Structures are given as structure tokens and as C-alpha cells.
Amino acid sequence: MDAKPPLRILLCAPRGFCAGVVRAIDAVEQALKLYGAPVYVRHEIVHNKYVVEGLRKKGAIFVEELSEVPDTQAPVIFSAHGVPKSVPAEAADRNFFAIDATCPLVTKVHREAQVHFKRGRHILLIGHRGHPEVVGTMGQLPEGAITLVETAEDARAITPADPENLAYATQTTLALDDTAEIVAILRARFPAMAEPHKEDICYATTNRQEAVKKVAPKVDAMIVVGAPNSSNSQRLREAAERAGCARSALVQRGADIDWSVFGAITSLGITAGASAPEVLVEEIIDAFAERFAVEVESVTSAQEDMFFPLPRALRPSAAE
């Protein structure tokens, strides 16, 4: 029997679940534990099919809009990405038991946008049109209060009515380099523009991209474990390409690996988006171990100890 070819795997750390994702998933599981099935969830609680299917099997019902939820006393949970103000208002009108699982770092962006608006500033939001987080942030304020800036070209072309009264905010899951370029253009054009008190791109996005930048130049190929609709996962794939890795791909499961791309390599980097569970990383490694003599080495760029408590309605004291 032919010996398997050697493969050195560099495993990025940190990777996978962030504190906001852990909190959101725990919120659904705790609601099921305390109140039983069903629990309704507006939009995917996090952008990962494996996670969503697992919660569905336990009794979670996922909907895109509250209009799909029948009149019920069951908990109705808002996803980690955040929602426009119209959503909790609709939930209140229908007397739903609503639980907000929005990541606290997204909530921070919402609050800062509201403060800027109260101070008479127009907000430039750097982000991707249609992403649930962007929809939620823009929905915190009246229509026209926020202008979306998606690209450097947008930043150069934008013509605000009052250039002296601007502030910017960003989606929390953006590419660090792209965002820095856009912010630099805006700062040069609008020196009086107010800035976030603390960087809006979240710690987890930053740490995962930095780990990828460290590993990508050292390997033949890079796999990002994550879902196609996960913004932070897509940004990790882009970061690998920019850091010099010729072959990088977003892969959801072991069965999805394209062996025409990954079948003849000697080194591989692996990371996972913030909504991808570690079990899927292990599944990918196992798939390679079937074809290669695998040696795994962890490459750490930062230590994470962030923790967010559950929404108040799901803490033991509230349930009692």
C-alpha cells in the first residue's frame, strides 16, 4: 500500500466562534430549555447552516419576518446581527415575548449612531448593502439619516449636504484593509468627521484576519471553514488571497472540499469564520487525514477571553 503524502496543516488561532455568536446560540438553547419548543428566531441566529439545522432539530423555528410567526406566547428571538427598530416595535404590537440576541458590539454601533444623530450629524455607514447587520443599523434612525458607503469609489464620490457635520460607523465584520482605505479617503475629504470612540470592526474579526495574514504566506493553500453568506468568513478568504496564498476557498463541510484544488499540496492553512463551530474544523482536518499523513501545528496571533452574558430574560434570576 502506498504511503500517504505528507501534509503540514497550520491551524489559525483564534478561529471559529466569537463571544457574540456563543451568546446568540446559547440564547436559543436556553430559551428551549426554559420554555420548551417551539422557539421562534427571526433570521438565521448566526450565518452557519450546521448550527441552524442543529437548533431546528431541537425545536427552533426560523423565519425571515415576524409576519410568519403565529400569535404565540413562545419566545421570539432576534438574531446576533441586530434588527431595525421597526422589528421590536412590531413584536410589542403583537405582544410577543421578544428576546434580543443582538451581539453587544453591534448594539454599540447602533447606540453611537443614535448619539451622532441627536447631535445633528449625518452618518456615513461603511458596510455591505443588504447584509442583515447593515439593514439593522440603518433601521435605527429615520430614512435619510444614514448614507451607506460600500467602496473606496463611493467614499470619493459622496457629496453630503453638510460636510462639517458628519460621523462614520462601520459594519463589525469588514475587511480591515478595505475599511482603512475607505476611512482614510473620508478623513481626507471631511476632516471634521466624528469617529467611533472605539473601532467598530469587532475584536474577533480583527484577530481572525490577523491570524490568516500570519499563516497565508507560509502555505500552498488556505481553507476558511464557514458559510457563503457569512461576511466575516468571506473577508477571511479575501485576506488569505491578499496575503499571498494562491489557493484559498470557503468550505462548509468536509464533503465540500474540491480535491482538484486541494489534492496535491504539501502545506495547508485552516481557519474558521466567527459563526463556524469547531466540530466542522475537525471534520475538514479528518477529510485531509484520509488522503495525507497530516501534521497539525497551531499558529496563535492573539488570546481571546471575551464573554457576553445572556439576554436578561434568559438569565436564571429572570426565569424564576
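**Pocket, cores and a buried glutamine**

Fourteen residues line the largest pocket, and Asp 100, Thr 102, Thr 107, His 110 and Arg 111 are the ones nearest its centre. Keep in mind that this is a predicted model.

**The largest pocket**
- The space inside the largest pocket comes to about 330 Å³.
- Helix 4 (residues 104-118) provides the largest share of the lining, with four residues.
- By type, the lining of the largest pocket splits into six nonpolar, four polar and four charged residues.

**The nonpolar cores**
- The largest nonpolar core has 30 residues, and those touching the most other members are Val 28, Val 41, Ile 45, Val 46, Leu 55, Phe 62 and Ile 77.
- At least two residues of this core come from each of helix 1, strand 2 (39-42), helix 2 (49-58), strand 3 (60-63) and helix 8 (203-215).
- Helix 1 is the top contributor to this core, giving eight residues.
- Leaving out residues up to four places away in sequence, Val 46 touches Val 21, Ala 24, Ile 25, Val 51, Val 52, Ala 80, His 81 and Ser 275.
- Another core lies apart from the largest one, with 22 residues that include Leu 11, Ile 257, Ala 272 and Leu 280.

**Gln 30**
- Gln 30 sits in helix 1 (residues 19-35).
- Is Gln 30 buried or exposed? Gln 30 counts as buried because its relative accessible area is 17%, and the cut-off for buried is under 20%.
- Beyond its neighbours within four places in sequence, Gln 30 is in contact with Leu 310 and Leu 314.

How values were computed. Residues are numbered from 1 along each chain as its sequence is written. This is a predicted model: local features need pLDDT of at least 70, side-chain atom pairs count only at pLDDT 80 or more; totals for chains, interfaces and linings use all residues. Side-chain values use heavy atoms; hydrogens and water are left out. Buried means under 20% relative accessible area, exposed over 50%, partly exposed in between (1.4 Å probe, protein chains only). Contact means heavy atoms within 4.5 Å. On a 1 Å grid over the protein atoms alone, a cavity is a set of points where a 1.4 Å probe fits but cannot get out, and a pocket is an open set with protein on both sides within 12 Å along at least five of seven lines; lining residues have an atom within 4 Å of a point. Grid points are joined across faces, edges and corners, and a volume is the space filled by probe spheres set on the points. Ala, Val, Leu, Ile, Met, Phe, Trp, Tyr, Cys and Pro count as nonpolar, Asp, Glu, Lys and Arg as charged, and the others, Gly among them, as polar. A nonpolar core is a set of buried Ala, Val, Leu, Ile, Met, Phe, Trp, Tyr and Cys residues joined through side-chain atoms within 4.5 Å.
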